[in-house]
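User: Hello! I would like to learn how to read a protein structure, one feature at a time. Could you guide me through this one?

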Amino acid sequence: MKSDSSLPSKDTTAWGRRRFLNTAALAGLTMGAAACTEKESGAANAPAAAPAAAPDAAHSGTNATHLKPGELDTYYGLWSGGHTGDMRVLGLPSGRELMRIPCFVPDALVGWGITNESKKIMGTKPDGSLRYTVGDSHHTHASYKDGNYDGRYAWINDKINARIARIRLDYFICDKITQLPNVQGFHGIFPDKADPVDPAINYTTRVFCGAEFSIPLPNAGLDDGSKYRSMFTCVDAESMEVRWQVLIDGNCDLTATSYDGKLAATNQYNIEMGVTYEDMMSSERDACLFFNIARIEAAVKAGKFKTVGTSKVPVVDGTHEANQDPTTALTAYVSVPKNPHGVNASPDGKYFICAGKLSPTATVIDLSKVLNWFDGKLEKLDAAIVAEVEIGLGPLHTAFDGRGNAYTTLFLDSQVVKWNVDAAIKFHAGDKAAKYVVDRIDVQYQPGHLNASQSETKAADGKYLAVGCKFSKDRFLPVGPLHAENEQLIDISGDKMVLLADHPVRGEPHDFIIFKRELLQPKQVYSLDDFPLAIKDPKESGVFRDGKKVTVKMTSQAPAFSLREFKLKKGDEVTLILTNLDKIEDLTHGFAIPNYNVNFIVNPQETASVTFIADQPGVFWCYCTHFCHALHLEMRTRMIVEA
Ligand code: K7E
Ligand code: CUA
Ligand code: CA
């Protein structure tokens, strides 16, 4: 247990700053529907709300964050890196950052974007240079089996270039990247949890991707925004090929999938299909758009699709007009209040919850009723809404504790609100005595995503809640104009939420998942057979010439490279292949060539290669950059380029 000193101080300047942010954010948004003044905010605005938690609220949780030296964390956390384009691996509850997995942008530690192997995954132009060197990852989710993570894969999006990357969770590396055709602003991402038709497939085989921006299809630089369209995309979890797309009205934001595999959904904040934010805010209600996966795949199979531009991907019609008859509809547009943001699946499998963003509400949609509508058994689709309750200002994302409670970030109120889903449904049905708001806690400051341990699985355990605060302000030592983000950890094991810790993180994570460490079985040494170019014996080392094309084969075993020197001629096109024959865990070597822009690592039993033109004559001491041995500094080889 932490002492009271870990709680937010009563310092009035901190409270004053929080108020200022509230007011400024409200003014900036010129909020229509949620035109609440600050006085109306928070508890006063939500009926049956509990008063805001005082900073010195009694502790009722039991979880601690402090680990003794050498003690291991009990949870893994996978964090999106934002516009650093990587995935972060954290240990929890300590909050220690363990790894950054490069995906969309080059990485200097491992040589991602330098080696031929990583460039092939990232994608290159005809001249061999990287297609993209920027990325923007927001959402990461992992593969499921039986409603829980199975430790195979995680996926992460790149919003800038509409790319989806897959992470192998045995080696913690990115092994495939796919660019989605004919979409921009690929934002929400979620794997399915089962097959909609075959009950034997109780694991992830598809990943759904929502495109936030609408564009001309095909993209011919058309000015008339009313003709722009957005699509919802399905990617095959194994092959990473795009399986199909759905043409929709409106746009996509976040994405959720049902536990039975039958439904996926995306929140829509731009049903207006506006091109300015004023246009995008003009309607009082937007939508949560549901996809009937089995019907979409049947339509694709029956050939009821078209293609767009040069893409061969089947595109089915999910627009309003084409889906008026529920019994054949591929899509269903459930209305939700103005400009929603997150949509999250409750761990009991029953509900999707839409966070209101510009509306101070959460909307609870009953999935069985959506399925009834598709079966022609529910007359009005919006009757699937079983609760729409006020929870506070600026709701963005929702997490769950497995005990029937939801936790929603309130960006404008700078709080997390804990509310009970069943009580909210009762309140919505007319029981005004139902107290659905259970607790509120101030966070520092303006939270975006949050997630609880195991939250988006059937095994939600209600222990820890992490909150990604978008502003850290005064919480850490100042380091110039750019502030760290503040990832806060909250104990949710008791009735009241208890703030446990602040963690500075480099900008700028969005979404993340937290799960038990037993669900992963990472490997710490590669297998030589995983690499077609592996040099299995130091005796195979040497310089192999084919005209101007030269292959240099080398191995590393601490503290030496198998070649003590190698000779090249100026103008040679050189491919250097390095296999690390050391088998010991943690024995990684590096390989750097001065003035040649080459530096990469090889982990135990790993093979990597680089290709470059030997355009500078001279002697170049190639050296090991990764500390490996008492003779690490002596671990070198001479590259001699003859003029
Ligand atoms: Cu809310 Cu891109 Cu998930 Cu960020 S999105 S916070
Ligand atoms: Cu090998 Cu340092
Ligand atoms: Ca809107």
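This is a predicted model: local features need pLDDT of at least 70, side-chain atom pairs count only at pLDDT 80 or more; totals for chains, interfaces and linings use all residues.

User: Is T579 buried or exposed?

Analyst: Residues are numbered from 1 along each chain as its sequence is written, chains are lettered from A and ligands numbered from 1 in the order in which they are written, and side-chain values use heavy atoms, with hydrogens and water left out. Now the idea: buried means under 20% relative accessible area, exposed means over 50%, and partly exposed is in between (1.4 Å probe, protein chains only). T579 has a relative accessible area of 0%, so T579 is buried.

User: Where does T579 lie, and which residues does T579 touch?

Analyst: Helices (H or I, at least four residues) and strands (E, at least two) are DSSP runs, numbered from the N terminus. T579 belongs to strand β34, residues 573-580. Contact means heavy atoms within 4.5 Å. Not counting residues up to four places away in sequence, T579 touches L528, L533, A534, I535, M554, T555, S556, E606 and T607.

User: How do I read a polar contact, and which one does the side chain of S453 make?

Analyst: Look for a pair of N or O atoms within 3.5 Å; within protein, one must be able to donate a hydrogen and the other to accept it, and residues adjacent in sequence count only if both atoms are side-chain atoms. The side chain of S453 pairs in this way with the side chain of D461, at 2.5 Å. S453 lies in the loop between β25 (447-452) and β26 (464-469), and S453 counts as buried because its relative accessibility is 0%. For T579, a polar atom of the side chain lies 2.8 Å from the backbone nitrogen of I535.

User: What should I look for in a helix, and which residues of α6 are buried?

Analyst: An α-helix has 3.6 residues a turn, so residues three or four places apart point the same way. In α6 (residues 421-428), the buried residues are V421, A423, A424, I425 and F427. Those residues pack against β18 (351-355), β19 (361-366), β20 (385-390), β22 (405-410) and β23 (415-420). At the N-terminal end, N420 caps α6, with a side-chain oxygen 3.1 Å from the backbone nitrogen of D422. After α6 comes G430, with a positive phi near 120°.

User: Which backbone features are worth a second look?

Analyst: Most residues other than glycine have a negative phi, and most peptide bonds are trans. N339 is not a glycine, yet has a positive phi of about 45°; N339 counts as buried because its relative accessibility is 4%. N595, also not a glycine, has a positive phi of about 65°, and N595 counts as exposed because its relative accessibility is 59%. As for peptide bonds, a cis one joins G507 and E508, with omega about -15°, and another cis bond joins A558 and P559, with omega about 0°.

User: Finally, which residues surround ligand 1?

Analyst: A residue is near a molecule if one of its heavy atoms lies within 4 Å of it. Ligand 1 is surrounded by H138, H139, H187, L254, H341, H397, G448, H449, K470 and H510. For classes, Ala, Val, Leu, Ile, Met, Phe, Trp, Tyr, Cys and Pro count as nonpolar, Asp, Glu, Lys and Arg as charged, and the others, Gly among them, as polar. The shell around ligand 1 has one nonpolar, eight polar and one charged residues.
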